[in-house]
Amino acid sequence: MTNRRAVRQWVVAYERAWRTPGTDGLSALFTADAAYLHSPFEEPIVGIHAIGKMWTEEREGPDEVFTLSTEIVAVEGDTAVVRAEVHYGEPIVQEYRDLWLIRFGADGRCTWFEEWPYWPGHPYAAP
């Protein structure tokens, strides 16, 4: 079971890890066998090492310019839903809104992370 305070602390640590060189901090966020989905229909990236590889490939680096605003929408049992809004660059070159579905283990680390991202100008439904 988790609560809003624990979820807030995890989200803050997630952003801090994204802004920190390397991927050593991921083991404090994710379990060794955690699954990470970029969107609900993607195959999950499974395992802390695979998640670290994905982070290394997707980030510009710890000096990447972005803002992240988050709001905890719901917490129920071991699962939380967080709404995130991200703006990359100055001036902004990419932005999106995202829902994160996060499932936590008994130790407070994430076992399942699923994103539902939406970008401006893209349809919300198939044509």
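Predicted model: local features only at pLDDT ≥ 70, side-chain atom pairs only at ≥ 80, totals over all residues.
View 1. Residues are numbered from 1 along each chain as its sequence is written, and side-chain values use heavy atoms, with hydrogens and water left out. Strands (E, at least two residues) and helices (H or I, at least four) are DSSP runs, numbered from the N terminus. Two strands pair if DSSP finds at least two bridges between them. Of the 8 residues of β1 (residues 30-37), 6 are buried, so the strand is largely enclosed by the rest of the structure. Buried means under 20% relative accessible area, exposed over 50%, and partly exposed in between (1.4 Å probe, protein chains only).

**View 2. Six strands build one open, mixed sheet.** The strand order is β2-β1-β6-β5-β4-β3. Strands β2 and β3 (66-76) stand at the edges with a single partner strand each, so one side of each has no neighbour in the sheet. Strands β5 and β6 pair in the antiparallel sense over 8 bridges. Leu99 has Trp116 in β6 as its bridge partner. Helix α1 (residues 4-18) packs on the sheet and touches β1, β3, β4 (79-88), β5 and β6. The direction of α1 makes about 155° with that of β3. Helix α3 (residues 48-58) also packs on the sheet, touching β1 and β2. The direction of α3 makes about 50° with that of β1. Contact means heavy atoms within 4.5 Å. Axes are lines fitted to C-alpha atoms, for helices over the stretch in contact, and angles run from 0 to 180 degrees between N-to-C directions.

**View 3. Glu114 is buried without a salt bridge.** Glu114 lies in strand β6. The nearest side chain of opposite charge belongs to Arg103, 6.2 Å away. For charge, Lys and Arg count as positive and Asp and Glu as negative; His and the chain ends are not counted. A salt bridge needs a side-chain nitrogen of Lys or Arg within 4 Å of a carboxyl oxygen of Asp or Glu. The side chain of Glu114 does make a polar contact of 3.0 Å with that of Trp112. A polar contact is a pair of N or O atoms within 3.5 Å; within protein, one must be able to donate a hydrogen and the other to accept it, and residues adjacent in sequence count only if both atoms are side-chain atoms. Leaving out residues up to four places away in sequence, Glu114 touches Leu37, Pro40, Leu99, Trp100 and Leu101.

**View 4. Leu101 sits in strand β5 (residues 94-104).** Leu101 is partly exposed, at 27% relative accessibility. Beyond residues up to four places away in sequence, Leu101 touches Ala80, Trp112, Phe113, Glu114 and Trp116. Ala6 is 95 residues from Leu101 along the chain, and their C-alpha atoms are separated by 15 Å.

**View 5. A cis peptide bond joins Glu90 and Pro91.** Omega is about 10° at this bond. Pro91 lies in the loop between β4 and β5. Most peptide bonds are trans.

View 6. Lys53 is exposed at 52% relative accessible area, and Glu57 is exposed at 55%. Arg97 is partly exposed at 44%, as is Glu85 at 22%. Arg109 is partly exposed at 25%, and Asp107 is partly exposed at 48%.
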